[in-house]
Amino acid sequence: MSLNARLEPVLYLFAGLFGVAGVALAALAAHGGGEANLAASASAMCLAHAPALLALALGNTRLRTAWLAGLLIIAGTLLFAGDLVTLRFSGSGLFPYAAPTGGWAMMLGWLAIAAGAVLRVRT
């Protein structure tokens, strides 16, 4: 079994979790007061990457780099959104540069998807 196939359930899991987190964070931003911009930014990242993970899970047999892209996007979204949510509720982030590190990981995940166009799966 390929690494892509083994990771498929994880991609589905995080697609669902990021989707529900994105909606909940959007509601918090709209109704929660405080620093709504932090929740709104975290919501946007979750909602942007949930469908990407779903697409990676669905297309894992055709995209050789799906596993790498998925792991980078998951880690990046957790760091970025997690840092903003932690900052919103506790007043301090996860650790210094957590959000930028997450942002870089998400960008590298998207580059891994682009690399998959070159590293074709042989059928």
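Trainee: In which handedness of crossing does H2 pass H3?

Mentor: The model is predicted, with local features requiring pLDDT of at least 70 and side-chain atom pairs pLDDT 80 or more, while totals for chains, interfaces and linings use all residues. Residues are numbered from 1 along each chain as its sequence is written, and side-chain values use heavy atoms, without hydrogens and water. Helices are DSSP runs of H or I with at least four residues, numbered from the N terminus, and a crossing is left-handed if the near helix is turned anticlockwise from the far one by less than a right angle, right-handed if clockwise. For H2 passing H3, the crossing is left-handed.

Trainee: How are H2 and H3 oriented relative to each other, roughly parallel or roughly antiparallel?

Mentor: Axes are lines fitted to C-alpha atoms, for helices over the stretch in contact, and angles run from 0 to 180 degrees between N-to-C directions. The axes of H2 and helix H3 (residues 66–90) come within 9 Å and cross at roughly 165 degrees. Angles under 35 degrees count as roughly parallel, over 145 as roughly antiparallel, 65 to 115 as roughly perpendicular and the rest as oblique. H2 is therefore, relative to H3, roughly antiparallel.

Trainee: How many charged residues does the contact of H2 with H3 have?

Mentor: Contact means heavy atoms within 4.5 Å, and the residues of H2 that meet H3 include Leu 38, Met 45 and His 49. In the classes used, Ala, Val, Leu, Ile, Met, Phe, Trp, Tyr, Cys and Pro are nonpolar, Asp, Glu, Lys and Arg charged, and the others, Gly among them, polar. The contact of H2 with H3 has 15 nonpolar and four polar residues, and the number of charged residues is one.

Trainee: Which residues in H4 meet H2?

Mentor: Helix H2 (residues 36–58) and helix H4 (residues 98–118) have axes that come within 13 Å and cross at roughly 30 degrees, and the two are therefore roughly parallel. Their contact comprises six nonpolar residues, one polar and no charged. Met 45, His 49, Ala 52 and Leu 56 in H2 meet, in H4, Met 106, Trp 110 and Ile 113.

Trainee: How many polar residues does the contact of H3 with H4 have?

Mentor: H3 and H4 pack at about 155 degrees with axes 7 Å apart, which means that they are roughly antiparallel. Gly 76 and Thr 77 of H3 are among the contact residues, as are Gly 102 and Gly 103 of H4. Beside 14 nonpolar residues and one charged, the number of polar residues is six.

Trainee: Over the face of which residue does Arg 88 lie?

Mentor: Arg 88 lies in helix H3 and touches Glu 35 and Leu 38, among others. A charge sits over a ring if NZ of Lys or CZ of Arg is within 6 Å of the ring centre and within 35 degrees of the ring normal. At 5.0 Å from the ring centre, Arg 88 lies over the face of Phe 89.

Notes:
Lists of a residue's contacts leave out its neighbours within four places in sequence.
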